Amino acid sequence: MRAFCAVRVSQLSLLSRPLFSSRVQLSFPVKLFSCQAKYAADSGLDGSVSLRVVSPTLLAAEKEEAKAVLTLFLKKQGLSNTVAARTINKSDLFIEHLVSRLHYVHKSRYLVGRELTTLEIRDALIPYLESLLEEHGNILVDVVENFPDPPLKEKVVAPSPPPLPSPSSLDNKKLKAVSRVSQANPPPHIVYLLELGMTLEQIKGITRRFPAFAYYSLEGKIKPVVEFLLDLGVPKNEIPIILNKRPQLCGISLSENLIPTMTFLENLGVDKKRWAKVIYRFPAFLTYSRQKVKATVDFLYEMGLSEKSIGKILTHCPNIISYSVEDKLRPTAEYFHSMGVDVAVLFHRSPQTFGLSIEAHLKPITEFFLERGYSMEEVKTMICRYGALYTLSLAKNLIPKWDFFLTMDYPQSELIKFPQYFGYSLEERIKPRYARMKECGVHLLLNQVLSLSARDFEKALTKKMGKALPDDAEA
């Protein structure tokens, strides 16, 4: 991959000015550092950035996202489609610079293997492009096309250290937004949301995280999306929860983005009858680019999953799209493969397992069972029989249930046969059922004790006691 260039530019507000003028000499203060297909993972006091590797697939997708954002921005400044496309074709280095900026601004997201959504990319780049327009005005196109070399200008401006946005300016922006939604006569869209069931505190919380929400139009943004969700079958009482999780949904065009994205996902196997549940589970699902979705789907095909299985995964566990293929899904798949687990089967049964940290979650659970005398082959069998085993908390679930299991009259091999034991509530199922069995003076298999309905459990106890009575009489 071509080396990225990162540049510091002063952050100012947008002034709408034409983008064309005669070419002049400009001093473009830059501090460059190069990297190859990498992103920021840590920031030093001098502004330097330590870097980690980003997969080529993700990199390519993010470049396409950056191109789309820049094209839209140029067109909003009055450029025609042809001129905007011509500028994009001449701006490879500037596009790479925009991507490197994403990696710096959202470095914490990349550290945990989470990819950015389309809206998060726009939210990061649009203000930056606006600041460039404010700084360079009618020669912005020259700046973009010639990056990182300065365009020509008659008067040279001395370089100066570029200031970053101050915390106070960011706080002021949030305070103004919160003040707008909190006033005695709030904007129409706030009144609408309150009538919908949202609390003022929820709306304030959204506005602090996403100040643009305070300025959304009721008829142009909020209401169409809410009515669209209701038409999909989303219960009215779940709308506030969805908007609280993903307020950016209201900033997306229904006709140009949401509906085409849903059609694209349905073609990949998402059950169109279950959209209400899918959106409730993971509202951000509709904000990811097609490139990112396709990268995940291609990986699932690579793992051996069928088209039908992939459709079920996207429907029941849509947040799998939020995980980086190269930084999260592939390493996790390799970890389970090294244990002899059928990765395709595990993906089908418990896709959420692949969003967990290998070092912080998966390895400690493996070690937990190995330390208690189970072999790796037996641990593999337990995973295959109960795919959700590794999604359970070690401290809050596995350890207390293991401790109680040691008081039960079962050999350790019973957990190999029935690892689902760890999925039942200790206080509401395991202890009461076991106490009832002891009270009856009989012994059932562990899976009978826990998996049977209350009625069938009592029938099993009665049947077992009936068989035991003749023995007692003979005795």
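How many disulfides does the count come to?

A: The count comes to zero disulfides, where a disulfide is a pair of cysteine sulfur atoms within 2.5 Å. This is a predicted model, in which local features need pLDDT of at least 70, side-chain atom pairs count only at pLDDT 80 or more, and totals for chains, interfaces and linings use all residues. Residues are numbered from 1 along each chain as its sequence is written, and side-chain values use heavy atoms, with hydrogens and water left out.

Cys317 counts as buried, at 6% relative accessibility. Cys384 is partly exposed, at 30% relative accessible area. Buried means under 20% relative accessible area, exposed over 50%, and partly exposed in between (1.4 Å probe, protein chains only). Across the chain of 475 residues, 47% are buried.

Now the helix pair. The chain has 24 helices and four strands; these are DSSP runs (helices H or I, at least four residues; strands E, at least two), numbered from the N terminus. Helix 10 spans residues 218-231 and helix 12 spans residues 254-267. Their axes come within 12 Å and cross at roughly 25 degrees. Axes are lines fitted to C-alpha atoms, for helices over the stretch in contact, and angles run from 0 to 180 degrees between N-to-C directions. The two helices are therefore roughly parallel to each other, a label for angles under 35 degrees. On helix 10, the contact (heavy atoms within 4.5 Å) is made by Pro224, Val225 and Phe228. Helix 12 contributes Leu254, Ile259 and Met262.

Technical notes. Parallel < 35°, antiparallel > 145°, perpendicular 65-115°, else oblique.
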